[in-house]
Amino acid sequence: MTNINPLNESFFQMFSERLKKSNYRLTVYADDTSIENIHDLRTSIRRLVTIYQILPKQLRKKKIKKFVKKYKTFFKSNGRIRDYDILFEKISSYGFSEPKFIHYLEKQRKKTLHSTISQAFELLKFEVPNVTERYDFIDEINLNFTKQCLDLILEIQTNLSAIIQDETKIPELHSMRRTIKKLRYLLELLPEGSISILLENLKRLQALLGDIHDNDMTISFFQKKTEKFRSLESIILLEKESRNSNFKKLAYLQTQF
């Protein structure tokens, strides 16, 4: 981290852009709840929360704090929609076509979606807060930034190897995915190209851990439904094979970090 250019006055512009981007993505989501729009919204909220967390407490004005908190709450409630979309992708890729189960998923997604859409429209009533450009806080912002980056890198280097040696550590694997995302979104604040190799490795790790998370979520969800839908057992076996393959790739990729 010592060779990385520090953040400068453009930080405030980036923060303002992330506030506006989250609001824009929410507007798009409220109009069309496609998989792509859900993904883009969730990513924009993660980026917003990440930059907010290096903001000095003196700059966390009431409106900004409230805005970020509400978007974080919405992010959590929206997660189940993404899970249902992944499940639909899985059964489609495997050619699974049992009408009763598909109807069940559609019903559950629709029920959850109704609630989140209502939340989205309520959230859109809040104006995007203005960002006060306080350049006298740049040094403190850089200290917060550097500390968080170093802490996250240390956590990854310390724990990733141990986690990979035990594929049953599902919660730890998914916690590591969140850690990698947070570091990636922090490093994206730096000038483009200054840490391109590290960013590429983080993206690859994040994507692979995301695939494993989808494997685990699918296996867990389907296992709870096999008593009623026996035909899901074949998909569970295929998902376990996919997870094993992804885990082997992860073990190799970890050596590149």
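**Rings, cores and pockets**

Biologist: To start, is F74 buried or exposed?

Modeller: F74 has a relative accessible area of 3%. Buried means under 20%, exposed over 50% and partly exposed in between (1.4 Å probe, protein chains only). F74 therefore counts as buried.

Biologist: What kind of model is this?

Modeller: Residues are numbered from 1 along each chain as its sequence is written, and side-chain values use heavy atoms, leaving out hydrogens and water. Local features need pLDDT of at least 70, side-chain atom pairs count only at pLDDT 80 or more, and totals for chains, interfaces and linings use all residues, as this is a predicted model.

Biologist: How many aromatic pairs are there?

Modeller: Rings of Phe, Tyr and Trp (its six-membered ring) pair if their centres lie within 6.5 Å; planes under 30 degrees apart are stacked, over 60 edge-to-face and the rest tilted. By this rule, the number of aromatic pairs is 11.

Biologist: Of what kind is the pair Y29 and F74?

Modeller: The ring centres of Y29 and F74 are 5.7 Å apart. Their planes stand at 80 degrees, so the pair is edge-to-face.

Biologist: How many residues apart in sequence are the parts that Y29 and F74 tie together?

Modeller: Helices here are DSSP runs (H or I, at least four residues), numbered from the N terminus. Y29 lies in helix α1 and F74 in helix α3, so the parts tied together are separated in sequence by 45 residues.

Biologist: Is Y29 buried or exposed?

Modeller: Y29 has 0% relative accessibility, so Y29 counts as buried.

Biologist: Which residues share one aromatic cluster with F221 and F222?

Modeller: F221 and F222 belong to one aromatic cluster.

Biologist: In the largest nonpolar core, which residues touch the most other members?

Modeller: A nonpolar core joins buried Ala, Val, Leu, Ile, Met, Phe, Trp, Tyr and Cys residues through side-chain atoms within 4.5 Å. Of the 60 residues in the largest one, those touching the most other members are F11, F15 and Y29.

Biologist: Which helix gives this core its largest share?

Modeller: At least two residues each come from α1 (10-31), α2 (35-52), α3 (62-93), α4 (99-123), α5 (138-164), α6 (170-187), α7 (196-223) and α8 (232-254). The largest share, 10 residues, comes from α5.

Biologist: Which residues does F15 contact, leaving aside its neighbours within four places in sequence?

Modeller: Contact means heavy atoms within 4.5 Å. With those neighbours left aside, F15 is in contact with L48, I51, Y52, L55, I64 and V131.

Biologist: What is the volume of the largest cavity?

Modeller: On a 1 Å grid over the protein atoms alone, a 1.4 Å probe fits in a cavity but cannot get out, while a pocket is open, with protein on both sides within 12 Å along at least five of seven lines; lining residues have an atom within 4 Å of a point. Points are joined across faces, edges and corners, and a volume is the space filled by probe spheres set on them. F12, F15, L55, L59, K61, I64, V131 and T132 line the largest cavity. Its volume is about 50 Å³.

Biologist: Which residues lie closest to the centre of the largest pocket?

Modeller: The largest pocket holds about 810 Å³ of space. Of its 35 lining residues, the closest to the centre are R82, R177, K181, H213 and D214.

Biologist: Which helix gives the most to that lining?

Modeller: α2, α3, α6, α7 and α8 each supply at least two residues of the lining of the largest pocket. With 11 residues, the helix that gives the most is α7.

Biologist: Last one: which residues does N78 contact, again leaving aside its neighbours within four places in sequence?

Modeller: N78 sits in helix α3 and is buried, with a relative accessible area of 0%. Beyond those neighbours, N78 is in contact with Y29, I38, R42 and T116.
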